[in-house]
Amino acid sequence: MAEETTVQKIIKNYKQLEESIVKQLFIEYTDHSPTSGSYREDVWRSLFRQIIPYKFSIEKGAFIIDSKGLTSKEIDLVIFDEQYTPYIFNYGNIRFIPIEAVAVVIQCKSNAINNSNLQVWKMSISLLKTDTRSITRIYQSVVNGELNKAEEAICEKNKKTQTATRPISILCHLKKQDGTSTKPKSELFDFIICADEAGSQLNIFPDQNKNLGEWYKSLNHHNDQFEEYVKDYQNPTSLKDYEVPNNSILSLIFQLNQLLMLINNPMLFPHQAYVEMFNAHNPKT
């Protein structure tokens with residue numbers, strides 16, 4: 001028998017990791033147990049920590065806030081970039097992460113899924129808006145990100161590769177061996193990751209209706225009022241082309257990280273917009 005190559009060993013390693021993750025998710029599984037729910041979130045968090053770059057932080061049980069003061073419902077896992085948005089607002093142990101920093105939002109559910117509740121949760125995130133009023137020095141110059149709507153015409157050189165971002169949304173849930181699991185609505189999420197107890201495997205369902213050009217627009221131009229500023233990008237490749245057959249975690253690594261590379265860095269932090277928000281709510285002395 002020929003000796004395994006290094007690549008074959010890496011492939012096997014990810015298959016073993018997949019089986020381990022699924023087994024951990026179903027350890028002492030009890031319906032409606034807060035302890036079990038928190039434990040499962042830790043297991044999912046450990047998976048994402050192993051597959052995304054360390055430039056991203058992962059916060060558990062946080063809220064997202066925008067510069068208008070709107071806040072999301074609680075999010076089980078938030079993946080965000082602290083380098084470009086260095087502020088997390090705290091209220092006791094509760095953490096509010098600015099929408100400009102957020103790259104991925106993840107909900108971790110058991111086998112009992114309430115699609116109506118998930119729709120409300122998703123809407124609470126969709127209502128949040130990023131702000132372009134950032135002033136940042138880069139290696140070439142100082143960048144003023146504010147979009148000038150007063151210009152009569154937006155020429156090609158004024159068009160932007162990013163005007164408004166949104167987080168990639170992921171649902172992680174369980175499929176019990178007895179077949180009692182509820183099926184989630186796929187249109188609510190960019191990725192659905194199902195831990196299948198019977199097969200001891202993770203089934204990954206990315207949104208394959210978009211090509212990379214459409215993903216680029218969806219993630220970097222998530223506000224129709226800035227349509228004239230959009231710098232177009234066309235690419236017919238879909239996430240299906242990033243799939244490694246029979247290896248869910250390797251597929252997820254390439255698919256999710258390709259989308260993160262499309263965002264590259266979330267929005268630069270608009271200090272002035274958040275100053276105005278806090279000043280508007282600050283009691284006058």
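**Close-up views of a predicted model**

View 1. Lys 60 is found in strand β1, which spans residues 56-65, in a structure that is a predicted model. With a relative accessibility of 28%, Lys 60 counts as partly exposed. The view pairs Lys 60 with Val 78, a residue 18 positions away in sequence, and the C-alpha atoms of Lys 60 and Val 78 are 6.5 Å apart in space.

**View 2. Gln 140 in the loop between β6 and β7.** Gln 140 has its place in the loop that runs between β6 (135-137) and β7, and this residue is exposed, with a relative accessible area of 61%. Ile 154 is 14 residues from Gln 140 in sequence, and the distance between the two in space, taken from C-alpha to C-alpha, is 23 Å.

**View 3. The largest pocket and its lining.** The volume of the largest pocket comes to about 640 Å³. Its lining is made up of 23 residues, and those that lie nearest the centre of the pocket are Val 143, Thr 161, Gln 162, Asn 265 and Leu 268. Two or more lining residues are given by each of the elements β7 (142-144), α4 (212-220) and α5 (248-263). By residue class, the lining of the largest pocket divides into 10 nonpolar, 11 polar and 2 charged residues.

View 4. Over the whole structure, the search finds 8 aromatic pairs. In the pair shown here, the ring centres of Tyr 216 and Tyr 233 are 5.5 Å apart and the ring planes stand at 70°, so the pair is classed as edge-to-face, for which the planes must be over 60 degrees apart. Because Tyr 216 lies in helix α4 whereas Tyr 233 lies in the loop between α4 and α5, the pair ties together parts that are 17 residues apart in sequence. The two residues can also be described by their accessibility: Tyr 216 is buried, with a relative accessible area of 8%, while Tyr 233, at 33% relative accessibility, counts as partly exposed.

**View 5. An aromatic cluster and two charges over rings.** One aromatic cluster is formed by Tyr 87, Phe 89, Phe 269, Tyr 274 and Phe 278. Arg 49 lies over the face of Tyr 54, at a distance of 4.1 Å from the ring centre, and Lys 210 lies over the face of Trp 215, where the distance from the ring centre is 4.4 Å.

**View 6. Ala 195 in strand β9.** Ala 195 is found in strand β9, which covers residues 191-196, and this residue is buried, with a relative accessible area of 0%. Asn 111 is 84 residues from Ala 195 along the chain, and the C-alpha atoms of the two are separated by 9.4 Å.

**View 7. Two loop residues with positive phi.** Most residues other than glycine have a negative phi. Ser 200, which is not a glycine, has a positive phi near 50°, and its place is in the loop between β9 and β10 (201-206). At 25% relative accessibility, Ser 200 counts as partly exposed. Asn 264 is likewise not a glycine, yet its phi is positive, at about 65°, and this residue has its place in the loop between α5 and α6 (271-281). With a relative accessibility of 43%, Asn 264 also counts as partly exposed.

Methods. Residues are numbered from 1 along each chain as its sequence is written. This is a predicted model: local features need pLDDT of at least 70, side-chain atom pairs count only at pLDDT 80 or more; totals for chains, interfaces and linings use all residues. Side-chain values use heavy atoms; hydrogens and water are left out. On a 1 Å grid over the protein atoms alone, a cavity is a set of points where a 1.4 Å probe fits but cannot get out, and a pocket is an open set with protein on both sides within 12 Å along at least five of seven lines; lining residues have an atom within 4 Å of a point. Grid points are joined across faces, edges and corners, and a volume is the space filled by probe spheres set on the points. Helices (H or I, at least four residues) and strands (E, at least two) are DSSP runs, numbered from the N terminus. Ala, Val, Leu, Ile, Met, Phe, Trp, Tyr, Cys and Pro count as nonpolar, Asp, Glu, Lys and Arg as charged, and the others, Gly among them, as polar. Rings of Phe, Tyr and Trp (its six-membered ring) pair if their centres lie within 6.5 Å; planes under 30 degrees apart count as stacked, over 60 as edge-to-face and the rest as tilted. Buried means under 20% relative accessible area, exposed over 50%, partly exposed in between (1.4 Å probe, protein chains only). A charge sits over a ring if NZ of Lys or CZ of Arg is within 6 Å of the ring centre and within 35 degrees of the ring normal.
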